[in-house]
There are 6 protein chains.
Amino acid sequence: MRPSKRPADSMREVSLTTGVNRHAEGSCLVKFGETQVLCTASLEERIPPWLKNSGKGWVTAEYGMLPRATGDRMRREASAGKQGGRTVEIQRLIGRSLRAVVDMGALGERQITVDCDVIQADGGTRTASITGGYVALAECLKWMEARSMCQRKNVLKGHVAAVSCGIYKNEPVLDLDYAEDSVAETDANFVMTGAGGIVEIQGTAEGTPFSEEEFTKLMALAKKGIGELVEAQTAALGDS
Amino acid sequence: MRPSKRPADSMREVSLTTGVNRHAEGSCLVKFGETQVLCTASLEERIPPWLKNSGKGWVTAEYGMLPRATGDRMRREASAGKQGGRTVEIQRLIGRSLRAVVDMGALGERQITVDCDVIQADGGTRTASITGGYVALAECLKWMEARSMCQRKNVLKGHVAAVSCGIYKNEPVLDLDYAEDSVAETDANFVMTGAGGIVEIQGTAEGTPFSEEEFTKLMALAKKGIGELVEAQTAALGDS
Amino acid sequence: MRPSKRPADSMREVSLTTGVNRHAEGSCLVKFGETQVLCTASLEERIPPWLKNSGKGWVTAEYGMLPRATGDRMRREASAGKQGGRTVEIQRLIGRSLRAVVDMGALGERQITVDCDVIQADGGTRTASITGGYVALAECLKWMEARSMCQRKNVLKGHVAAVSCGIYKNEPVLDLDYAEDSVAETDANFVMTGAGGIVEIQGTAEGTPFSEEEFTKLMALAKKGIGELVEAQTAALGDS
Amino acid sequence: MRPSKRPADSMREVSLTTGVNRHAEGSCLVKFGETQVLCTASLEERIPPWLKNSGKGWVTAEYGMLPRATGDRMRREASAGKQGGRTVEIQRLIGRSLRAVVDMGALGERQITVDCDVIQADGGTRTASITGGYVALAECLKWMEARSMCQRKNVLKGHVAAVSCGIYKNEPVLDLDYAEDSVAETDANFVMTGAGGIVEIQGTAEGTPFSEEEFTKLMALAKKGIGELVEAQTAALGDS
Amino acid sequence: MRPSKRPADSMREVSLTTGVNRHAEGSCLVKFGETQVLCTASLEERIPPWLKNSGKGWVTAEYGMLPRATGDRMRREASAGKQGGRTVEIQRLIGRSLRAVVDMGALGERQITVDCDVIQADGGTRTASITGGYVALAECLKWMEARSMCQRKNVLKGHVAAVSCGIYKNEPVLDLDYAEDSVAETDANFVMTGAGGIVEIQGTAEGTPFSEEEFTKLMALAKKGIGELVEAQTAALGDS
Amino acid sequence: MRPSKRPADSMREVSLTTGVNRHAEGSCLVKFGETQVLCTASLEERIPPWLKNSGKGWVTAEYGMLPRATGDRMRREASAGKQGGRTVEIQRLIGRSLRAVVDMGALGERQITVDCDVIQADGGTRTASITGGYVALAECLKWMEARSMCQRKNVLKGHVAAVSCGIYKNEPVLDLDYAEDSVAETDANFVMTGAGGIVEIQGTAEGTPFSEEEFTKLMALAKKGIGELVEAQTAALGDS
C-alpha cells in the first residue's frame, strides 16, 4: 500500500497552468500533487559562441529550489556561491530533454532559456520540470510564431514529458512522491516523446541492485504515465 | 497623471495570503499590484555564534528574484556565483526592519529566517517583501505559540510595514510601480511600525537633489500608505 | 555629555589634504577626528558597456578598510574572496552621492573611479569617504581641465558632502564617533549638496523606532555640519 | 564498420594494473584502449558529519582530467575555480556505483576516497573509472584486512564494473571510443555487479529518440562487456 | 647613470615611523624613497590548528596594494574575488622572513599577523614590507613585554631586513626603484638577519641569464644595504 | 649519511621519456627517483591580450598535483575552488624558467602551455617539472618545425634545467628527496641554462639562517647536477 493510497500505476493529480508570468514569452506552473514548479521560457537574441553563424538556435535550462521548498530549509545557492552537484545534474537533464524535440534550424540563431524554479517540493521535481518546461517552451514558440519569427513551421518536433518510477516495498510504482522516494530501493526517471521514443533513462539502485525484469516493469509504468502527461500538455496548450 | 491612473496618494491593490507553503512554519504571498513576492519564515534551532548563551534569538532575511521576474531575464545569482550588491542591500534592509519589532529575549535562542523570493516584479519589491515578510514572521510565531515554544507573550512588539514614495513628474506620489520608478527624480523607502515609529528611511535623488519640503510630503504619503498596509496585515492574520 | 566632550552640534576636527598620492589624477586624505580615509580619483579612458556611444562618462567608487583600521583586526576581504555586504552598501552610496554633482555629458566618455580606503576607523567612515572623495574627484577634474580634456566647463555642478547624526542618550548629536555610534539608538547619514539639496538620506533605528520630530532635529544638525564641510572642501581646493 | 574495425560486440583491449602509486592504500591504472585513468583509493580516519556515531563508513569518488588528456587542451578546473557540470555528474556516478557493493557497517567509521584522474581520454572515461576504481578500492580493502582493520569479512559484497554502449550508424555497438561517441545517435552507460544486478543505467538520445527494442539490445551488449570486465578485475586482483 | 642619479651602491632615503595606528599593537610606516608601506602587527589569542597544544606561537603576514598605489589603477583584489599570484608569493615571503627571527616558544600560543599595505609603490614594495614589518612586529612584542605576556625574554632572536639589487644597464646596483626595476636584466631580493645570516635569496633573470660572478656582486651590495637598514630599524625602535 | 645512502653530490636516478601523450604536441614523463611528473606542451593559436600584434609568442606553465601524489591525500584544488599559494608560486617559477630560453619572436604569435602534473611526489617536484617541462617544450617545437610553423630557426636559445640543494644534517647535499627536504635546515632551488647561466635562484632558511659560504657550496652542487640533467635532456631529445 502506497502512503498516498494510490494504485501502483496511478499518477498524482497533474495540473499545468499557462500564462502565469506577465514578462516571460512562455510560462507554466506545473503541479504533480504537492510538487509545484514555476517554469518560464525566455527568448533572447543571442546564441552560445559555438553556434555563431551556424543558422541554428539553442535551448538551455536552469533549475533552482526556493530555500523553503523542502521540509527543512536548504541554504540558498546564491548565498553559498555555487550551484550544488544535484542542481547541475538536473538542469543539464532538463536542457537535453527539451532540446530533443526542437528543430534548431527552424528556431534560428536565438536562445530560449527555460527556468524551472521549485516553489514546493514533494518528490519528482525534475520530471515535473521537464513536463512543465515543455509547456512553457511551447508557449514561447507560439509567441514567436504569432510574430512570424521562426524560420519554418513546427519548431517542435513533438512532445516531451518525464516521470519517475521506482520499486517501493518490492512493488514497481508510478510517479514517486517524497514519502516513497526517500525509501525506494530503486528510482528511475524516464523522459519520452509523445511518439513513445525514449530520450533519456536514468535508473539508480539506492540499495539492492535491480534486475532487467524489474526495469522492464518500470518502463511499462513510465509509458502509461507519460501518455497521460502528454494528454495533459495537449489540453493545457489548447492544441487539437 | 500616473501611468496607472491612480491618484497621487493611492496605493496599488494589496493582497496578503497566508498558508501558501506546506513546509514553512509561516508563509505569505504578498502582492502590490503586479509585484508578487513569496515570503516564508523558517524556524531553526540554531543561533549565530555571537548570540550563544545570550538567551536571545535572531531574525534574519534573504532576498532573491526568479530570473524572469523582470522584463528582461536576469542572470541567476546562484549561477553567477554571488549575490549582487542590490540583493545584499535589500536583504539587510528586510532583516533590520523585521528585527525592529521582535523581542529577541522572548524568542529564545533560535533563529527565524524570512526568505523573500520575487516571483514577479513591477516596482516596490523590497517594500512588499518587508510587508509580507512581517506576515510570514507573525504566522511563524503563532505556530510557535501554539506549541508553547516562546519564553513569554508578545514576541512581536508591533507591526512593521514599508512603502516607497517618489517624485514623479514633479509630483509626490505613493507606492511607485515600475513605470514610475524607472523615471522618478526621487525615490524614498519608508519602514514604519504600526504605532507610527520610523524604523528606516532611505531617500535617494536619482537626478536633481530634493528639498526638505519635498521630503516632508513624501513622508506624509508614506504614513498614509503604511496605515493601510498595517490594516491589511491585521486582516490577513485574522487578528482583532 | 558626549564621550568626546563635544557640544551636541559640534563636529570633530576635519582635515582635507590634497596631493597625497603621486600617481593619482586626484587625491585627498580626509580626517574626521581619528577617522582617516585615503581617497584617490583615477581617470580611465574606458566606460561601462551600457554607456558606449552615449557621449556620457561615469563616476564610480570603491571602498575598503585596511585590516587593522578597526579595534580588532578584521579579515582582509581580498583573502575572504569577496566584499562583505557592508562594503557593497557603502561603495554604492559613495558612487551615487558623487554622481549627483557630476555633469556626465561634460565629462565625456571616460570613467573616474574614486577609491576610498580607510586607514584608521573611529566612526563615520562613509561620510568622511564622500566628503574626501568629492575633493579627490574635484582635483582629478582640475587635472583634466588643465589638459583641456573636458567637453565643457563646470563638470561639477556643485559640492557634495556627508555627515552622520544620531540620537545618543536621548539627545540628537552631530558627527558620531565610534564610542557614540556603537550605542546610539538612531543613526542617520545625510548627503547634501553645497546648495542645500538632499542627495541621500539613510536613517536607521538601531533600537527603538524614532519619531518624525526627532528626524527633523537630526536633519537640522546635518545641515549645519554639511555647511562646515563644504567650507573645508572649498578651502582645501583653494577655490574662492 | 566501426572506425577501430572491432566487431559490434567487442570491447577494446582492457588492462588493469595494480600497485601503481607508492602512497595510496590501493591503486590501479586502467586502460580501455587509448583511454587511461589512474585510480587511487585513500583511506582516511574521518567520516562525513551525518555518519558520526552510526558505526558506518563511507566511500566517495572524485574525478578529474589532466588538461591535455583530450584532443584540445581543456582549462584546468583548479584554475577555473570550480568543477564543471560534467565532472560533478561523473564523480557522483562513480561514488554511487562503488557504494552499491560496499558493506558500510563492515567498513567501520572511516572514509575511502577513490580518485579517478584521466591521464589520456579516448571515450569511456567514466566507465573505465568505475571499473578501475573498483580495483583500487578492493586493493585498499585488502590493505585494511591485512591490518585487521575491518569489522567483519567481505566488506565488498561483489564486483562492480561499467561499460558504455551506443547506436553507431544504426547499429548497437559495445564500448564506444571517442570516434564513435562523438557521432553516436544514442549513448548509454551501464553499471552492473558481478552477479548481473543493475546498479545504474543512463541512456541518452543525442539525436533521434531510441526505442525500447534498441535499448534491450544495448543492455545485452553491456552484459557481455561487463562479464569480461569482471573477469579482468578478478585476474588483476589475483583472486581465485 | 641611474635615473635617480644615485651611486650604484646607494639606497634611497629610508624612513621608519612607529606608532602610526592607534588600534594596532605595533605599527610602522616605512618609506624607501617614494615607496610607502603601512605595516601593522595585530596580536590575536588564537593559533593555527596544527599548533594547538604545542606551546608555540605563530607569525604570519598579509600583503596588499591600494588600487592606485601604482601608476595605472589596478583592480581591487577584494572585488576580483581573489588574491593574485604575485600577492600570494609576496605575503608568503614576508611571513617566512619574519618567522626566521622569532622564538615561537617564547611567544606562547598566540598569533601575530603583520599586514603590509602598500600606500604608494615605486619599486621594492616587498623588501620595504619586510623591513617595516619587522619594526611593527618588534613594537608589538614590546607592547606584550610591557604586559608581561611573553614566556621568556628575547622573543626576537635578531633583526631581519630586506633589499633588492639588480643589474641595470650592465651594472650591479642597490635598491632598485620602479624606473630601474621595470627594465633591469636581473632582479634579486635578499633577506638577511642583523648578524649577516641569509634568510632568503630570490634571484631572477628577466632577460639574459646572469653569472655567478654577477650574483656575488649583488650579494655584496645587499649586505651593505641591509647593514644600513638594520641601523635604521634600531634607531626607529629606540634600542641602544 | 643520507636516508637514500647517496653521496652528498649525487642525484637520484633521472629518467625522461618523451611521447607519452597521444594528443599533446610535446610530452615528457620525468622521474627524479620516486618523483614522477607528467609534462605536456600544448600549442594554441592564441596569445595573451598584451601581446596582440607584437609578433611575439608566449610560453606559460601550469602545475598541479594529483590528490594522492603525496603521503596523505590532499584536497583537490578544483574542488577547493582555487589553487593554493604553493601551486601559484611553483607554476609562475616554471613559466619564467622556460621563457628564459625561448626566442618569442621566432615562435610567432602563438602560446605554448606546459602542464606539469605530479603523479607521485617524493621531493623536488618543481625542479623535475622544469627539467621535464623543457623536454616537452622542445618536443612541441620539433613538431612545429616539422610543419614549418616557426618564424626562424632556434626558437630555443639553449637548455634549461633545475635542481634543489640543501643543507641536511649540516652537510650540503644535491637533489633533496622528501625525507631530506622535510628536515633540511636550508633548501635552495637553482634554475640554470645549458651554458651555465643562472635563470633563477631561490634559497630559503627553514630554521637557522645560512652563510654566504654555505650558499656557494650549494651552488657548486647545483652546477654539477644541472650538467647531468642537461645531458639527460639531450639524450631524451635525441639531439647530437
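Modeller: Let me start with the word contact, which means heavy atoms within 4.5 Å. This is a predicted model, in which local features need pLDDT of at least 70 and side-chain atom pairs count only at pLDDT 80 or more, whereas totals for chains, interfaces and linings use all residues. Residues are numbered from 1 along each chain as its sequence is written, chains are lettered from A and ligands numbered from 1 in the order in which they are written, and side-chain values use heavy atoms, with hydrogens and water left out.

Biologist: Which residues is D:Ser129 in contact with, leaving aside its neighbours within four places in sequence?

Modeller: By that definition, D:Ser129 is in contact with D:Val37, D:Cys39, D:Tyr63, D:Ile94 and D:Cys116. D:Ser129 itself is found in helix α4 (residues 125-146) of chain D, where helices (H or I, at least four residues) and strands (E, at least two) are DSSP runs numbered from the N terminus.

Biologist: Why is D:Ser129 called buried?

Modeller: Buried means under 20% relative accessible area, exposed means over 50%, and partly exposed lies in between, with a 1.4 Å probe and protein chains only. The relative accessible area of D:Ser129 is 0%, and therefore D:Ser129 is buried.

Biologist: What does the UniProt annotation "binding site" cover in chain A?

Modeller: The annotation, which comes from an unreviewed UniProt entry, covers A:Arg86, A:Gly124, A:Thr125 and A:Arg126. These residues are spread over 41 residues of sequence, yet they cluster in space, with a largest C-alpha distance of 13.3 Å. UniProt positions are given in the numbering used here, feature names are shortened, and annotations may be inferred rather than shown by experiment.

Biologist: Why do A:Gly124 and A:Thr125 count as buried?

Modeller: A:Gly124 has 16% relative accessibility and so counts as buried, and A:Thr125, with a relative accessible area of 5%, is therefore buried as well. A:Gly124 lies in the loop between β5 (111-120) and α4 (125-146) of chain A, while A:Thr125 has its place in helix α4 of that chain.

Biologist: What makes a polar contact of the pair formed by the side chains of A:Thr125 and A:Tyr63?

Modeller: A polar contact is a pair of N or O atoms within 3.5 Å; within protein, one must be able to donate a hydrogen and the other to accept it, and residues adjacent in sequence count only if both atoms are side-chain atoms. The polar contact between the side chains of A:Thr125 and A:Tyr63 is given at 2.6 Å.

Biologist: How do you know that β4(F) is joined to strand β5 (residues 111-120) of chain F?

Modeller: Two strands pair if DSSP finds at least two bridges between them, and 8 bridges join β4(F) to β5 of chain F, which run parallel. One residue of note is F:Trp58, which stands opposite F:Gln111 in β5(F).

Biologist: What is the order of the 5 strands in the open sheet of chain F, and why do β1 (14-18) and β4 (58-65) stand at the edges?

Modeller: The order is β1-β2-β3-β5-β4, and the pairing is mixed. In chain F, β1 and β4 each have a single partner strand, so one side of each is left without a neighbour in the sheet.

Biologist: Why is the relation between chain A and chain B that of a two-fold axis?

Modeller: Copies are superposed by least squares on the C-alpha atoms of residues with pLDDT of at least 70 in both. Chain A can be laid on chain B with an RMSD of 0.0 Å by a turn of 180 degrees and a shift of 0.0 Å along the axis, and that is therefore the relation of a two-fold axis. In chain A, the C-alpha nearest the axis belongs to A:Ala78, 1.8 Å from it.
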